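Hi,

Here is the structure I promised to pass on.

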Amino acid sequence: MHELRPWLRLIFRRRGRLTIGALLLLATLLSGISLLALSGWFLTETALVGLLLAAGTQAYINLYVPGGGIRFFAVSRTVSRYLERLYNHNTVLQLLTDIRVALFNQMATASQRDRGEKSGAQWLSRLTADVDALDTLYLRVIAPTVLAAVVSLILVVAAWLFFTGTLAVFILAVLTLAIYVASRRVFAHTQSLSGQLSDQQEALRGDVIEHLEGYAELTAAGRTGKHAGRLMRQARSVSRIQARVDSQAGWHQAASHLLVNLTVVITLWSGAALFQQGQLNGPVLVLLPIALLGLIEVYATLPDAFAKLGATLSAARRLNDEVTPGSQQAGQKPVDQQLKDGMALIARDVSVGHPGHAPVLSHFTLSIVLGERLGIVGASGAGKSTLADTIAGLIDLKAGTITALPCAYLTQKTVIFEDTVKANLLLGNPTATDGDVWRVLELVDLAERFVREPDGLNTWLGSAGNRLSGGEARRLVLARVLLNPAALVILDEPFTGVDADTRERLSPRINQWLEGRAVISLGHGPEALLPSGHTLHLN
């Protein structure tokens, strides 16, 4: 269970919401059991009074108090169930948001080595399916198990007060066994299967995505049928494992229900003996057995939740193994050990290149001070972007050391999220004000473009920014980087898709905006760079 510790710590940061949600769930369970028990008591009392009256014996019954109690519990159960579902599902969505944000932040700050060699589809699976698996922890595992134990103890106390201590001890023992069967026993029998199911489902999702992405190539090669057949075999294997997990959960659920029913039968038998001795009246005799029957609803959700716990552990293990928070890039040393006297970057005898390939740059040394402007030009394949990725920490060094201040990095690829203008820009600096956003938009000649929009900064940009032209999208991403207050700024092809007149107009503005910061700009030629004090040519 140690795999869950970092995620449980994250979940329990919201202790207040979890406590309120648990209390709402407890109110729902107690209202349901109370409604069932009081209704049984009322029906039994009414039947006995009817028999007495039919026998000519004077008898009476108070219809108003139990009737009012039944109506109260019926309404309280409905209201508490609605509030519990509304509140707890909102809590789960917030917890999933916390987990996804924490995971994304770890992924974004980890080096390429820490992120592993996973594809985009696999990382998407981490952020969706694996994170979704963690929602079972609170709403389906922790809270129901704790509350099942609490409600069971309440009924044990009731047995002690109204029946006998011996019966209370027996009920406690049997209900403890029922909870064990519905939880720990299910988990022990399904952990391996559930983890295997989770792994195969992830593999199947990835293969389906690859099938769809490569459908044209598969069709051209005449391999669509064979590839689809392999997917069907994988799907059947997943279905078989799922059936085995469901079967185990069903059998354990049946066993737990059998144990609960056993307590009902023994309670009736014990109550009948007390009734014959005159120590218990008829309506109270049926009160506890009916309340015990209500535990079936409480226990019913546990087997399915614990049957999925193995998949949750498998998902947590993958997330823990493949994202290491706070890891440091190979060859890097803490900034305060080497960066002194206004230095922004020191690279010593470095070799850079993509994993599994030969270095594109070897024995490369570079130092930059704050306020310096460095231009790097070269043909495609000369290693400009690889060097920039390495400085930014996206690719591990092959040799040497790099010590750099935190940087803001404009990559060659323009990425616009399906969100508003403001949301896209605040990724560069979440603390920026609307005034800061408008100023940086004016800097890249986009302020007038969005002033004309009815929603202003809340203008929706569409899927991948399809409401923007190529040049507008590039300038918006440039604005996002400029909004970042990092002391080191790396701009790879900053003016891609921007015409010459606009480039000449923007360049001096951006240079002034970045005054006091170290700037590295990269491009195929000097005309694509910001004004630079030094220009480095890569061959």
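Let me start with the second largest pocket, which holds about 500 Å³ of space. Keep in mind that this is a predicted model. The elements giving two or more residues to the lining of that pocket are α2 (15–54), α3, α6 (136–162), α11 (295–300) and α12 (302–307). Of these, α3 gives the most, with 7 residues. In total, 18 residues line the second largest pocket. If you want to centre your view there, E84, R85, L139, P144 and T301 are the lining residues that lie nearest the pocket's centre.

A search of the whole structure turned up 1 cavity of 30 Å³ or more. The largest cavity has about 40 Å³ of space in it. Which residues line the largest cavity? They are I11, V92, L95, L96, I99, L134, D135 and Y138. Helix α3 (residues 64–109) supplies the largest share of this lining, 4 residues. By class, the cavity lining has 7 nonpolar residues, no polar ones and 1 charged. The charged class takes in Asp, so D135 is the charged residue in that list.

Cheers

How values were computed
Residues are numbered from 1 along each chain as its sequence is written. This is a predicted model: local features need pLDDT of at least 70, side-chain atom pairs count only at pLDDT 80 or more; totals for chains, interfaces and linings use all residues. Side-chain values use heavy atoms; hydrogens and water are left out. On a 1 Å grid over the protein atoms alone, a cavity is a set of points where a 1.4 Å probe fits but cannot get out, and a pocket is an open set with protein on both sides within 12 Å along at least five of seven lines; lining residues have an atom within 4 Å of a point. Grid points are joined across faces, edges and corners, and a volume is the space filled by probe spheres set on the points.
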